[in-house]
Amino acid sequence: MGLIPQSFIADLLNRVDIVDVVGQHVQLKKAGANYQGLCPFHQEKSPSFSVSPTKQFYHCFGCGVHGSAIGFLMEYSGLGYIEAIEELARSVGLTVPREERTLLDVARQKQALALSEVMTLAADWYQQQLKVAPRAIDYLKGRGLTGEIAKRYAMGYAPDGWQGLEAVFGVYSNEEIAKILLEGGLIIQSEGDDSKRYDRFRERIMFPIRNPKGQTIAFGGRILDQGEPKYLNSPETPLFSKGNTLYGLFEARQAIRAKEFVLVCEGYMDVVALAQLGFGNAVATLGTACTANHVRALLRQTDRIVFSFDGDAAGQRAAQRALEASLPLMSDDKEIRFLFLPTEHDPDSYVRTFGAAAFDKAIKEAMPLSSFFFKTVSEEQDLGTPEGRAKIHHASKPLLLSMAPIALRTQILREVALRTATTPPELEAFCGLAQVSKTAQQNSSQAQGNAQSRPPYWQANISGTRPGRDSFAPWQSGKGGQRKNVAQAVMPPQAPTDLAEQILRVLIQFPHLGKGLDLSRRQLILKSAQQRSAKTLGLMEDLLKQCDLVEFLAQGDAAPAAGAAAFALFQEQLASSELAPLYEILRQRVMGSDLDLEGANADLNGAVKKLELLHLKEEMTEIAQKIAQNVASEDDRKRYRELGEKLRFA
């Protein structure tokens with residue numbers, strides 16, 4: 001698929017009215033120059049959600065969400081960036097143009113479109129079959145489901161027969177038809193000389209699996225009677241990946257926002273049954289363990305996740321995998337809990353037996369992540385013996401190392417240390433976290449010392465005199481006017497945070513240069529910004545997000561007006577955000593700058609190159625510590641030699 005021209009995006013934003021876009025989903029009332037309504041992204045009783053027709057921008061003063069019409073569709077409807085642009089273009093009767101594409105791009109697009117259409121037709125057919133299948137209807141009624149819920153989740157029925165879908169697509173002996181049905185996982189081809197093609201799903205309740213746009217990308221089928229497998233899923237296809245998809249997320253988004261948490265279950269029937277009983281915020285994994293991608297997708301929807309598992313051994317194993325997937329993504333403003341129901345109950349039967357209020361209470365009392373962490377590492381271990389406590393440390397180490405250095409990690413580590421009669425520093429040392437803590441303390445002390453000897457960067461050079469190209473904080477004058485990088489003298493190496501300011505200055509003047517930064521370089525830049533401050537990180541993230549909108553600024557006269565309008569809109573948005581003071585200071589510093597495009601490109605590449613070298617040195621230092629402690633693997637030693645070669649020729 002080709003790229004969307006940036007000039008088209010700017011023109012599209014000029015054509016649409018954000019009040020109309022938001023007004024389709026939120027009841028807005030005029031309030032002075034703006035419009036107000038209840039925020040669709042968090043629960044509130046008095047309106048704090050504002051839409052500006054002059055700035056074409058929305059902002060919630062309650063939860064802080066903000067953005068353009070494109071951003072609203074992405075946040076509200078769960079669309080990707082491209083899908084939101086296409087949806088917006090359709091609303092004003094525009095066709096999204098594409099820049100030059102390769103033959104491979106065209107082939108992939110045609111394949112995806114064909115598969116998507118096939119899945120939609122199959123879903124429609126299954127829905128029609130359910131209407132004329134009394135046994136399937138009786139089964140759903142017996143599970144307490146109404147026609148309204150079946151319609152909401154687009155449930156259907158695959159009748160008993162070997163070539164049922166031929167009624168929709170034609171005979172399977174047609175090679176072209178068979179190829180795409182096989183690719184979509186709708187039919188199976190047996191092996192052998194007398195190979196036959198037949199439907200994958202037969203005599204099953206059908207659960208369409210939908211993407212964030214509501215398009216069917218796969219199916220799950222539940223057998224009506226006894227038999228195995230009870231649940232049958234589509235195989236992996238170009239449209240569908242189990243590790244990236246959650247059943248019911250498309251249908252649950254509004255309920256997740258209303259209840260302010262998501263409930264993760266183990267099966268399709270749990271999801272639809274809970275929706276029937278008033279818990280429409282439930283989703284399910286698709287016959288696979290919970291992955292980091294699942295958790296990441298859920299945390300984009302809400303700050304609170306409750307995993308609900310059976311109390312048996314299989315449920316415990318599934319919960320442990322969910323814990324492992326969640327730990328690297330945890331932050332101190334997120335909350336994850338684990339709910340274990342009695343072995344004789346699933347969520348559906350529990351609610352029907354004890355009532356919705358009892359289930360609500362069970363959710364509120366679900367085990368916090370920290371408690372489940374300790375339960376996991378200490379299970380079947382004897383805290384009364386040194387061996388048992390040592391095994392707990394051994395089990396805790398990889399889990400603690402997987403976490404970011406947040407307050408929750410510190411609290412969990414202290415709790416494990418307390419329960420195992422160990423001091424936190426001893427456990428930190430065992431896990432390899434002690435050096436990290438020591439380095440952080442050294443850097444903190446050094447930063448305090450530097451702060452006493454020179455004014456903070458945000459108080460410097462704002463009197464109207466323009467700082468020179470060499471006046472960034474990490475550089476000091478040496479003999480003969482030579483520049484000296486003071487930061488590189490510190491070991492273990494830490495990225496000098498003022499490289500972040502250098503990069504910010506370049507991007508403020510030449511935002512299109514950010515387009516050339518790949519993912520790994522962007523990650524290094526954001527890490528450097530985070531070391532300076534949270535607001536520096538926020539500003540850097542916002543600037544990098546604008547790269548696509550202003551890329552064409554580098555094209556001279558190609559679209560100067562559209563480019564200027566796009567970036568001006570971004571500047572207006574910044575002016576009303578908490579990042580405004582920092583942005584204004586940096587903008588003043590570059591006012592009147594004689595930095596040209598060639599110099600800016602050199603400055604940006606130079607700063608990123610320094611970050612890359614520091615990253616290599618950090619990795620080398622970590623491996624050196626392993627070697628010193630005699631815990632380095634052969635792969636570690638090989639990597640150490642590779643890093644040495646890279647740094648030698650850098």
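Which helix is Asp-348 found in? Keep that question in mind as we walk through this structure, which is a predicted model. The residue belongs to helix 14, made of residues 347-354. Is Asp-348 buried or exposed? Its relative accessibility is 5%, and buried means under 20%, so Asp-348 counts as buried. If we set aside the neighbours within four places in sequence, Asp-348 is in contact with Arg-143, Asp-270, Ala-273 and Leu-277.

Now let us turn to a sheet. Strands of a sheet pair through backbone hydrogen bonds, either parallel or antiparallel. Here you can find an open sheet of four strands, in the order 6-9-10-11, and the pairing is antiparallel. At its edges lie strand 6 (156-158) and strand 11 (231-233), each of which pairs on one side only. On average, neighbouring strands of this sheet are turned by 35° against each other, direction ignored.

Take a look at strand 9 (residues 204-210) and strand 10 (residues 216-223), which are joined in the antiparallel sense over seven bridges. For example, Ile-209 has Ala-218 in strand 10 as its bridge partner. Helix 11 (residues 268-276) packs on the sheet and touches strand 9, strand 10 and strand 11. The direction of helix 11 makes about 85° with that of strand 9.

Finally, let us look inside. In soluble globular proteins, nonpolar side chains tend to be buried together. The largest nonpolar core in this model has 40 residues, and Ile-305, Phe-307 and Phe-373 are among those with the most contacts inside it. Leaving aside neighbours within four places in sequence, Ile-305 is in contact with residues including Val-262, Val-264, Leu-298 and Ile-336. A second, separate core of 30 residues includes Val-16, Val-26, Phe-49 and Ile-85.

Note on methods
Residues are numbered from 1 along each chain as its sequence is written. This is a predicted model: local features need pLDDT of at least 70, side-chain atom pairs count only at pLDDT 80 or more; totals for chains, interfaces and linings use all residues. Side-chain values use heavy atoms; hydrogens and water are left out. Two strands pair if DSSP finds at least two bridges between them. Helices (H or I, at least four residues) and strands (E, at least two) are DSSP runs, numbered from the N terminus. Axes are lines fitted to C-alpha atoms, for helices over the stretch in contact, and angles run from 0 to 180 degrees between N-to-C directions. Contact means heavy atoms within 4.5 Å. Buried means under 20% relative accessible area, exposed over 50%, partly exposed in between (1.4 Å probe, protein chains only). A nonpolar core is a set of buried Ala, Val, Leu, Ile, Met, Phe, Trp, Tyr and Cys residues joined through side-chain atoms within 4.5 Å.
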